[in-house]
Amino acid sequence: MIVYQGTCGFASGAQEILEALKKELQSRNLADVTVLEHSCMGCCYLEPYMSVTDPEGVFTLYGYLTPEKVKQIVETHLMGGEVVREFMVDINTPFFSRQEKRITELLGKINPFKIEDYIFYDGYQGLSKALEMKQTDVIEEVKRSGLRGRGGAGFPTGVKWNFAYNTESNQKYMVCNADEGDPGAYMNRAELEGNPHAVLEGMAIGGYAIGANKGYIYVRAEYPLAVEILNASIAQAREYGLLGKGILGTAFDFDIELFLGSGAFVCGEEAALIRSIEGKRGEPQQRPPFPIERGINGKPTAINNVESWANIPVIIIIKILKVF
């Protein structure tokens with residue numbers, strides 16, 4: 001069983017559902033039932049919700065839950081073997097069946113606090129492949145993909161990286177803009193909470209491509225769950241040798257630091273974001289020079305949105321599939 005617990009879930013009572021479920025299982029001595037705690041898989045409107053996968057692999061999704069409904073699901077489904085149809089969500093509707101998930105594919109499938117879950121689904125294979133390629137070949141692959149900035153400007157990502165690669169400097173930076181200051185926005189937070197390693201892997205690939213050894217994730221302090229998950233994920237990636245010095249046994253060094261924004265909407269603008277990282281007041285600056293020429297501490301800095309970074313491992317994995 002999976003109880004989905006992103007920020008949307010916590011706000012809707014997912015913790016209460018989890019506690020009710022554990023209490024019911026314990027009172028009925030159902031010790032063989034495994035309960036997993038994953039992030040929201042994108043169905044925020046169903047919160048709180050959970051799923052049941054039986055020994056034959058049949059998946060059932062239940063939404064709009066209450067502790068009373070949980071009790072009935074345990075009695076009828078887990079003990080009686082019958083689906084509680086009045087609480088069931090039909091996953092064969094067009095809303096679900098027509099979706100083609102890519103960067104959101106693992107949301108709800110993995111525990112974001114466990115790097116092993118991400119690795120099980122071929123996580124960091126893109127980084128491994130990229131480190132076998134020339135830097136310019138990685139950039140060309142991103143160019144060919146047609147990926148553009150997903151934060152709104154739509155600037156070609158590969159072109160930006162190419163400019164950064166060709167700018168001579170003894171220090172370069174990669175930045176993930178996760179400020180997401182738009183009221184009600186949830187896209188970046190969902191990815192950070194549900195699949196943080198895709199962003200870390202994308203940034204490491206980008207760092208290798210342009211010759212950067214330092215990255216920053218600029219995230220809102222008002223996203224406490226995302227911050228907690230990112231801190232844990234960065235620590236795990238370092239432990240596994242996927243961040244830090246000599247990544248995967250190569251000469252490539254790259255590390256990522258989390259930088260918490262203070263809620264200033266203007267810091268979603270890249271020049272203001274850079275000044276904030278430097279410890280200055282976040283204010284937009286006249287351009288040129290652009291960040292890829294003079295960014296953090298006057299050094300070349302490539303800034304991309306959360307969604308852009310999460311796309312990078314997918315692009316490289318597609319390259320692997322084409323080769324084989």
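Predicted model: local features only at pLDDT ≥ 70, side-chain atom pairs only at ≥ 80, totals over all residues.
Trainee: Which residues of H9 are buried?

Mentor: They are Asn-188, Arg-189, Ala-190, Glu-191, Leu-192, Glu-193 and Gly-194.

Trainee: Why is Asn-304 called buried?

Mentor: Its relative accessibility is 4%. Buried means under 20%, so Asn-304 counts as buried.

Trainee: Where does Asn-304 lie, and which residues is it in contact with, leaving aside its neighbours within four places in sequence?

Mentor: Asn-304 belongs to strand S9, residues 301-305. With those neighbours left aside, its contacts are Thr-157, Lys-160, Trp-161, Val-175, Cys-176, Asn-177 and Trp-309.

Trainee: Why does Ala-14 count as buried?

Mentor: Ala-14 has a relative accessibility of 0%, and the cut-off for buried is under 20%; Ala-14 therefore counts as buried. The residue is found in helix H2, residues 14-27.

Trainee: What surrounds Ala-14, leaving aside its neighbours within four places in sequence?

Mentor: Val-3, Tyr-4, Gln-5, Gly-9 and Pro-48 are in contact with Ala-14. As for Tyr-4, its C-alpha atom is separated from that of Ala-14 by 7.1 Å, the two residues being 10 apart along the chain.

Trainee: How many disulfides does the structure hold, and how do you know whether Cys-44 forms a bond with Cys-8?

Mentor: The structure holds 0 disulfides. The sulfur of Cys-44 is 3.6 Å from that of Cys-8, the closest cysteine sulfur. A disulfide requires the sulfur atoms to be within 2.5 Å, so this pair is too far for a bond.

Trainee: Which of the words buried, partly exposed or exposed applies to Cys-43, and which to Cys-44?

Mentor: Cys-43 has a relative accessible area of 4% and is therefore buried. Cys-44 has 33% and is partly exposed, because that class lies between the 20% and 50% cut-offs.

Trainee: Which residues make the contact of H10 and H11, and how do they divide by class?

Mentor: H10 contributes Pro-196, His-197 and Leu-200, and H11 contributes Ile-229, Leu-230, Ser-233, Ile-234, Gln-236 and Ala-237. By class there are 6 nonpolar, 3 polar and no charged residues.

Trainee: What makes H7 oblique to H10?

Mentor: The axes of H7 (residues 135-145) and H10 come within 7 Å and cross at roughly 125°. Roughly perpendicular runs from 65 to 115 degrees and roughly antiparallel begins over 145, so H7 is oblique to H10. Their crossing is left-handed.

Trainee: Which residues make that contact of H7 and H10?

Mentor: Gln-135, Val-138 and Ile-139 of H7 meet Ile-205, Tyr-208, Ala-209 and Ile-210 of H10. The contact has 6 nonpolar, 1 polar and no charged residues.

Key: Residues numbered from 1 in each chain as written. Heavy atoms only, no water. Buried < 20%, exposed > 50% of the residue type's maximum accessible area, 1.4 Å probe, protein only. Contact = heavy atoms within 4.5 Å. Helix = DSSP H or I, 4+ residues; strand = E, 2+ residues; numbered from the N terminus. Nonpolar A, V, L, I, M, F, W, Y, C, P; charged D, E, K, R; others polar. Axes fitted to C-alpha atoms, helices over the stretch in contact; angles between N-to-C directions. Parallel < 35°, antiparallel > 145°, perpendicular 65-115°, else oblique. Left-handed = near helix turned anticlockwise from the far one by under 90°.
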